[in-house]
Structure formats: C-alpha cells, structure tokens
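Dear colleague,

I am handing over the structure below, together with my notes on what I found in it. Please read the notes with the coordinates open.

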Amino acid sequence: MYIAREASKVWRKVTAEILVELQLLREKWGLLLAGLIFQYIHGLAARGVHYLHRPGPLLQDLGFMALPELGQDKGYLSESIFSSIFLSFVLWTFHPFIYHIKRFYTVLIWRRVLAFLVASQFLRIITFYSTQLPGPNYHCREGSELATLPPPNSVLEVLLINFPRGVLFGCGDLIFSSHMIFTLVFVRTYHKYGSKRFIKFLAWFMAIVQSLLIIASRKHYSVDVVVAWYTVNLVVFFVDNKLPEMPDRTNGVPLLPLSTKEKEIRLKEERDSKLKDEFHKLLNGNHGDPTDRVTWSFY
C-alpha cells in the first residue's frame, strides 16, 4: 500500500509537470526545432569536410610532447567520460518531472543549451572549413583506408552522412573539438543552474581530464582543445547575456493552477512570511499609524 501510494504521488507529479512543459513547448517549439535541425547540419558539414581531408605527417604539438600516447586501444577512455557527462546532464535536465524542489523548466533550459550549441557549432564549421589539417587520429593517418573518401555517387549519400560510422570515423573537422563544445556547454549550464557545489567541482574536473585524454588519445591536436576552452566560454557568456533570464521556480508563480494541497502549503508559507514581517516591523517601531507613534526627545 505504501509503495502504491508513493507511486501515485510520483505519477501525479510527472503528469502535472508534463502539462506545464507541454504548455511551454507549444510556445517555444520553433527555436527548439531549429536547434535540433542545426545538429544535423553540423553533422552534415563534418561529413562534407571529410571529402576534402588529405592525410599527412603529424604536426608538431606541445601536448603530444607532454602527454604519452595512450594508443588506439585506449581511445574509449575519453569517450567514457564524455558519455557520463552527456547522460548525467540529460537526466539532470529532466529532474523537475520527479523532484518536488524545482529550479527551472526543462523546455526553457534546453532552449538555452541549444542556443549555446548552435552558436559554437556555427563558429566551428567556419573554422574547420577555412583550413584542413592532417588528422592526428589513427584512422585519419596516411595508409588508412578511412583517411580519405571517394567522391560521392549521389547527393543522398552525402545527406545520409553514413550514420553512425561517418560520425565515429570522421576526419578533417578538427578546430575546434566538438566533444569539448558539448562538455563545456553542459558544465557551464550546470554551474549556473545546479545546486550541488561538489558536483560543480567534479564536472569541471572531468572536463579538464577529458581535455587531456582527447590529446593523449591523439583524437585532436592541442590547439583544437585550447580554442574550444576559450571560444565556448566566451560564446556562452555573450549569448547568455542576450537571452532573457529563466524564471526561478523555487519562488516563482507556477504556469498552471496548484492542487488543493499545494495551495494550502503556499498559503501557509505566505502567512508565516507576513507574520515574520509584522514581527520585525513591530520590533523596529515601524508598525501601525504614524500619527499614533510617540516621539521621545532626550535633552
């Protein structure tokens, strides 16, 4: 009976949150859809630059000199950290559907995140099409069959981008790292809207570790990671200032009517707040009609 009762409460929370989020989605769907479509455009651009890639000797790189090469069999390390950051962030953005204390709306935060991603990816496309560097990854080096692509037989072959193989084994889209774009956008978003200080510290630490592993795995040159660090942070800073601030749900008015129990809790909190204000005014001598106050003068 206890499990059934608690499950019913959770289901009511999820249902109420879905109604609120759907209402927001009807208003903001255009920008969200545009952001999702641009993710495909970004993948299409990365696939297109692979046709232009020409393998060559590795460029001199300070990160390659400082960090030992992990080897092709250790490439999963950086991907594992990236996957954990990605999945953790996605789950965190949907926590308002279950948790009682909510700080943001899921639709609004993803609208913001997609704006950061699109701006960063737009700059990335311009950058890696401007100059094609020989890829440092193992499948992009001289002698690899995947280093170059033959001319496409049809437009459809390009539009399908050979997913997921074309994404995993791409070459030429180097400056700047796409993995670091997602990581830094997610970490900065949690840093602003998250509530756990330890998780914020852990997220930044994981971003640094991932940067080092990407270079040690020879998936990117050091410049790809360094440029991502200052470019994405600047993009998020400026775009965030241009966007309207999200409402804080901890004290804000909900978009839909409250249930009877929630109304009672909110009224009780408002009464307690008013009583505290009245008490403080009484202590400070600021309560009542000013004409009724007695002014004491000391000579």
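Which residues does His139 touch, not counting residues up to four places away in sequence? They are Ser144, Leu146, Ala147, Leu168, Phe169, Gly170 and Cys171, where a contact means heavy atoms within 4.5 Å.

Before going further, please keep in mind that this is a predicted model, in which local features need pLDDT of at least 70 and side-chain atom pairs count only at pLDDT 80 or more, while totals for chains, interfaces and linings use all residues. Residues are numbered from 1 along each chain as its sequence is written, and side-chain values use heavy atoms, with hydrogens and water left out.

As for the chain overall, it contains 10 helices and 0 strands, where helices (H or I, at least four residues) and strands (E, at least two) are DSSP runs numbered from the N terminus. Of its 299 residues, 37% count as buried, a term that stands for under 20% relative accessible area, with exposed meaning over 50% and partly exposed in between (1.4 Å probe, protein chains only). Among contacts with a separation of 6 or more, 85% are accounted for by residues 24 or more positions apart.

To return to His139, this residue lies in the loop between helix H4 (106-130) and helix H5 (155-159), and it is buried, with a relative accessible area of 9%. Its side chain reaches the backbone oxygen of Gly170 at 3.1 Å, which falls under the definition of a polar contact (a pair of N or O atoms within 3.5 Å; within protein, one must be able to donate a hydrogen and the other to accept it, and residues adjacent in sequence count only if both atoms are side-chain atoms).

Cys140 and Cys171 form a disulfide, with their sulfur atoms 2.0 Å apart, the criterion being a pair of cysteine sulfur atoms within 2.5 Å. The pair links distant parts of the chain, 31 residues apart, with Cys140 in the loop between H4 and H5 and Cys171 in the loop between helix H6 (165-168) and helix H7 (178-193). The torsion about the S-S bond is about -95°, so the disulfide is left-handed, and both cysteines are buried. The loop between H6 and H7 also holds Phe176, which a cis peptide bond joins to Ile175, with omega about 0°.

The axes of H7 and helix H8 (residues 197-216) come within 9 Å and cross at roughly 170°; axes here are lines fitted to C-alpha atoms, for helices over the stretch in contact, and angles run from 0 to 180 degrees between N-to-C directions. H7 and H8 are therefore roughly antiparallel to each other, given that angles under 35 degrees count as roughly parallel, over 145 as roughly antiparallel, 65 to 115 as roughly perpendicular and the rest as oblique. Residues making the contact include Leu184 and Val187 of H7 and Ala203 and Trp204 of H8.

Finally, Arg218, in the loop between H8 and helix H9 (222-242), has a positive phi of about 60° although it is not a glycine, and it is buried, with a relative accessible area of 5%. Pro68 touches Arg218 as well as Ala216, not counting residues up to four places away in sequence. Pro68 itself is exposed, with a relative accessible area of 60%, and lies in the loop between helix H2 (62-66) and helix H3 (76-93).
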